[in-house]
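I opened a notebook on this structure and wrote down each thing as I looked it up. The entries go from whole chains to single elements, and then to the place where the chains meet.

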Amino acid sequence: MTLNAVVEASTHLKEADMARHVIDATKEVFSTMIMMDLEDSFPLQESVNTFHCSISGMVGMAGTYTGILAIHCPQSLALKITSNMLGMEVDEVGEDVNDALGEIANMLGGYVKMVLSKGGMDINLSIPTVISGEEYTINAMSESDCVVVPFTHEQERFLVSLKLRKE
Amino acid sequence: MANVLIVDDSSTMRKIISRSLRQAGLAVDDIFEAGDGIEGLSVLGEKNIDLILSDINMPNMDGLEFIKQVRGNGNSVPIVMITTEGGEDIIKEALASGASASIKKPFTPDQLNEKLGGLI
C-alpha cells in the first residue's frame, strides 16, 4: 500500500512526504480546534476497510486529483473529540458527533487540497459524508493508492487515510 | 455591540465559531445561525446584522453565491469567509465578489480577534 506512482511523479512528493502532510494537518486541527495532543505512528502497510463500533468522516476530492480523505474513529473517542470541540459533554452518537467528524474530514481535506492544488480552483471538495455503526466495511478505488496514518490519544487509536489518483 | 450571522452547513462548526467569538472578547451581542446561503438571506431579511461569517463549501447555495446575492441586494455588511477552501483563486473570487476578509479553519479565538477586531 503506497502512494500512487503517478501522483508521486506529478506532485514530486514521496509517500513519506504525503504522510507528513497528513500528520501535520491532523495535529494542527486537533491542537487548534479540539485541544487534544496526538501521537502519530508509522503509516500502515495494509489498508483497513472494516470497522467496529466506529464512525468515519469522509470528504471526496475531484479535479486534477481525485480521492477521499477519511478519518476512522472508535465511537468512544469520537464522543471525547466532539465534547472537546463543542466545550460540552456529549455522551451519545448523534448529529453532533456526525457533524464533528464530518467537519474534521472537511478541514483535513482542505489542508490536503492546498498541498495538491496550485490556486484552489482545480480541485473541488465534496460535502462531508459520515458513516457509523457496530460493523461496516468501506471499499473505494484501488486498495494500493493510499496512505493510512494511525494516531493515538490516551491509548485510543484512530486512523486518517488518504486515497489519491491523478486524472 | 454587533449582531453576527454565522452561515455554515455544519451545526458543530456554527457552535465552535459562536463559542470562539465569545472567547475572543469581541463586542458581540446576538449571534444568529443559518445552514446555507438561502437561510442566510432569509435571516438577513429579518434581522439587523452587523457582520457575517460564512463558509464557502455548502449545499443549496454556497458561500460565493451567497456573497453575490447579498451584494446584489445592495447590502454592504462586512462578510468574512471562514473556510477550509484556502486556495488563492477561491479567496480572490470571494474578495472580488464582495467578501471583506477570509479566515482559514482551523483557527484560534486570538486569530478571530485579529481578523474581526477592525470590523465590529
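**Entry 1: chain A as a whole**

I began with burial and found that, of the 167 residues of chain A, 43% count as buried. I note here that I am working with a predicted model, so that every value below is computed from predicted coordinates. I then looked up the elements of chain A, which has four helices and seven strands, and read along the sequence they follow the pattern α-α-β-β-β-α-α-β-β-β-β.

For overall dimensions, I noted that the C-alpha trace of chain A spans about 45 × 30 × 25 Å along its principal axes. A compact globule of 167 residues would have a radius of gyration near 15 Å, and the 15 Å of chain A agrees with that. I also looked at the contacts in chain A between residues at least 6 apart in sequence, and 67% of these join residues at least 24 apart.

**Entry 2: two helices of chain A**

At what angle do the axes of helix α3 and helix α4 of chain A cross? I found that the axes of α3 (residues 75–86) and α4 (residues 95–116) cross at roughly 85 degrees and come within 9 Å. An angle of 65 to 115 degrees counts as roughly perpendicular, and α3(A) and α4(A) are therefore roughly perpendicular to each other.

I listed the residues that make this contact: α3(A) gives A:Ala78, A:Leu79, A:Ile81, A:Thr82, A:Met85 and A:Leu86, while α4(A) gives A:Asp96, A:Val97, A:Ala100 and A:Leu101. Sorted by class, the contact of α3(A) with α4(A) has eight nonpolar residues, one polar and one charged.

**Entry 3: one residue of chain A**

I picked out A:Glu8, which is found in helix α1 (residues 5–11) of chain A. A:Glu8 has 17 C-beta neighbours inside 10 Å and so counts as partly exposed. I also looked up its separation from A:Val22, which lies 14 residues apart from A:Glu8 along the chain, and the C-alpha atoms of the two are separated by 15 Å.

**Entry 4: chain B as a whole**

Of the contacts in chain B with a separation of 6 or more, 65% are between residues 24 or more positions apart.

**Entry 5: helix α1 of chain B**

I looked next at α1(B), whose 13 residues reach 18 Å from the first C-alpha to the last, close to the 18 Å expected at 1.5 Å a residue. The buried residues of this helix include B:Met13, B:Ile16, B:Ile17 and B:Leu21, and B:Arg14 and B:Lys15 are also among them. Just after α1(B), B:Gly25 takes a positive phi of about 75 degrees.

**Entry 6: where the chains meet**

How many residues of chain B are in contact with chain A? I found 20 residues of chain B in contact with 25 residues of chain A. On the side of chain B that touches chain A, the elements that give two or more residues are α1 (11–23) and α4 (88–97) of chain B, and the largest share, six residues, comes from α1(B). The residues of that side divide into six nonpolar, eight polar and six charged.

Terms used:
Residues numbered from 1 in each chain as written. Chains lettered and ligands numbered in written order. Predicted model: local features only at pLDDT ≥ 70, side-chain atom pairs only at ≥ 80, totals over all residues. Contact = placed C-beta atoms within 7 Å. Nonpolar A, V, L, I, M, F, W, Y, C, P; charged D, E, K, R; others polar. Buried ≥ 20, exposed ≤ 12 C-beta atoms within 10 Å, placed from the backbone. Axes fitted to C-alpha atoms, helices over the stretch in contact; angles between N-to-C directions. Parallel < 35°, antiparallel > 145°, perpendicular 65-115°, else oblique. Expected span 1.5 Å × (residues − 1). Rg over C-alpha atoms; globule rule 2.2 N^0.38 Å.
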